[in-house]
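Subject: Structure handover

Hello,

Here is the structure I promised to pass on. Please look it over, then read my notes below.

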Amino acid sequence: MAEKKQHKIVSASSGKETSAKPAGVAAQQIASSTVGLRIGAVVLWVAALVCEFLALKAILAPEDAPFIPGIPPLYAGIGFLVVDLICVIIGAQLWKKANHIHPASEKNPVTFWLWNNMGVIVCAIAFIPFVVLLLTNKDADKKTKTVGTIVAVVALLIGGFASYDYNPYSQEEQQQILAMEEATSQVYWTAGGKVFHIYEDCQHLNRTEELTLGSTQEAEAAGKERLCKTCFSRHEKEQAAAQIEE
Ligand SMILES: [Zn+2]
């Protein structure tokens, strides 16, 4: 490697001479906890399964279910299915939110898939057993079976589409984004160039005496349109190497 070029570095915000940015700072950790979101999701999901059970009780065994007298069993059952659906959907939103703050690692595809599809799995458990038990029940009449099944299948579809995570996010993606954000929190540029750089020792900076150090916003304001391609691929390589080391 060539001898390190000594630059005069000027801060974009103060205009004064400054030292180079500290190298190799560990990627910032996401501070906010997701425990509350996960507990909220699990509590709602348990409530959904209780509602499914109560819906079955209301329809198939109204005599030993403590329901408000005067409500026909089928209506009481539908009511419980609606509450079941609401719990499934809200639970899945909390779970998805937690997954996007603290995502699962892609390294284990099974747990990654389970973690991202938990809402859909719970939705299936919250309605399919109801349909199976209703259809296989010998005492239920045809109307009850038809209406109950239609309501449960519609709820299953709504719940499934609402619970699915259309943009699953992984720990690896998050680390990449955080590392890039950190690497570009302070960038270098030259008065004449069109790009800004992550690394002070980038080969394209070898012939320049004076560099400006600032944020990417400041770089863009100074007419630097994008990140230097050499710095970008070096950053990618260093990230890949760091991931293998882990
Ligand atoms: Zn560069």
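H3 and H4 are roughly antiparallel to each other, because their angle falls in the class over 145 degrees. The angle is about 175°, and the axes lie 9 Å apart. H3 covers residues 109-135 and H4 covers residues 142-163. (Axes are lines fitted to C-alpha atoms over the stretch in contact, and angles run from 0 to 180 degrees between N-to-C directions. Helices are DSSP runs of H or I with at least four residues; strands are E runs of at least two, all numbered from the N terminus.)

First, the source. This is a predicted model, with local features needing pLDDT of at least 70 and side-chain atom pairs pLDDT 80 or more, while totals for chains, interfaces and linings use all residues. Residues are numbered from 1 along each chain as its sequence is written, and side-chain values use heavy atoms, without hydrogens or water.

Back to the helices. Contact means heavy atoms within 4.5 Å. On the H3 side, the residues include Gly119, Cys123, Phe127 and Leu134. They meet an H4 set that includes Lys145, Gly148, Ala152 and Ser163.

Next, the sheet. It is open, has four strands in the order E2-E1-E5-E3, and its pairing is mixed. E2 (17-18) and E3 (187-189) stand at the edges with a single partner strand each, so one side of each has no neighbour in the sheet. E1 (residues 8-11) and E5 (residues 210-214) pair in the parallel sense over four bridges. (Pairing takes at least two DSSP bridges.) Ile9 has Leu211 in E5 as its bridge partner.

Best wishes

Technical notes
Angles under 35 degrees count as roughly parallel, over 145 as roughly antiparallel, 65 to 115 as roughly perpendicular and the rest as oblique.
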